[in-house]
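Please look at the sequence and the 3D structure below, and keep both in view while you read.

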Amino acid sequence: MRTEATQTWRARLGAGLVDLVGPWVLTLPITALGLVSGNGTGEWLVIGLAALVNLPLELRTGQSAGKWLAGLRLAGADGQPLTAGAVLRRFGVRWAPLMVNALLLGPLWVPMAAWAAMALPSVVDREGRAVHDLLAGTIVTGAPSSALIRAETPVRGVAVMPGWGAASILGRRRP
């Protein structure tokens, strides 16, 4: 069942770009000042920042920073609540191209091409799911703008202390 949000490829593309490019932009001053050595350290810094920001958000609310800005959220493809395992699998698959690239010290265009290839199934999939959604058993749907604050359907198996995590990073606290 396709929702209006999953049909809007621009919303998903924008959310994906925020989630993928955002950590690069935030770590740019560190790499530009030469505070990290080569050998893939910059890529690991980007992955670590993405994990630090997006994993708590997705585990608590089903939204990454990009999905929050685009008004989207993750849900279980089978209609069940989102699980911590699905969120972690999705993150791992999504960032795997950069992890492999950091280990092999390859050129940056390689993970970029891999990310483009991973998005292609969303064009033909009836529910608009990309490779990371298919492997994790997730789907991206629309979300109310207050979902980040309320966390209407928290992820099963995850205990998060109120007032901690990515919601507080964005300057919002749960009521």
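Arg94 is buried, with a relative accessible area of 10%, where buried means under 20% relative accessible area, exposed means over 50%, and partly exposed lies in between, all for a 1.4 Å probe and protein chains only. This is a predicted model, in which local features need pLDDT of at least 70 and side-chain atom pairs count only at pLDDT 80 or more, while totals for chains, interfaces and linings use all residues. Residues are numbered from 1 along each chain as its sequence is written, and side-chain values use heavy atoms, with hydrogens and water left out.

Arg94 has its place in helix H5, residues 84-104; helices (H or I, at least four residues) and strands (E, at least two) are DSSP runs, numbered from the N terminus. Leaving aside residues up to four places away in sequence, Arg94 touches Gly16, Asp19, Leu20, Trp115, Met118 and His132, and such a contact means heavy atoms within 4.5 Å.

Which residues of H2 and H5 meet? On the side of H2 they are Arg12, Gly16, Asp19, Leu20, Pro23 and Trp24, and on the side of H5 they are Arg90, Arg94, Trp95 and Leu98. The residues of this contact of H2 with H5 divide into 5 nonpolar, 1 polar and 4 charged, where Ala, Val, Leu, Ile, Met, Phe, Trp, Tyr, Cys and Pro count as nonpolar, Asp, Glu, Lys and Arg as charged, and the others, Gly among them, as polar. The axes of helix H2 (residues 9-32) and H5 come within 13 Å and cross at roughly 60 degrees, which makes H2 oblique to H5. Here the axes are lines fitted to C-alpha atoms, for helices over the stretch in contact, and angles run from 0 to 180 degrees between N-to-C directions; angles under 35 degrees count as roughly parallel, over 145 as roughly antiparallel, 65 to 115 as roughly perpendicular and the rest as oblique.

H5 also packs with helix H6 (residues 109-119), at an angle of about 160 degrees and with the axes 9 Å apart, and H5 and H6 are therefore roughly antiparallel to each other. In this contact Val93, Arg94, Trp95, Pro97, Leu98 and Asn101 of H5 meet Val110, Pro111, Ala114, Trp115 and Met118 of H6, and these residues divide into 9 nonpolar, 1 polar and 1 charged. The loop between H5 and H6 holds Leu105, which has a positive phi of about 55 degrees although it is not a glycine. Is Leu105 buried or exposed? Leu105 is exposed, with a relative accessible area of 51%.

Beyond residues up to four places away in sequence, Ala130 touches Arg12, Met118, Ala119 and Ser122.

Finally, turn to the strands. Strand E1 (residues 72-76) and E2 run antiparallel and are joined by 5 bridges, where two strands pair if DSSP finds at least two bridges between them. Within this pair, Ala75 stands opposite Ile139 in E2. Because 4 of the 5 residues of strand E2 (residues 138-142) are buried, E2 is largely enclosed by the rest of the structure.
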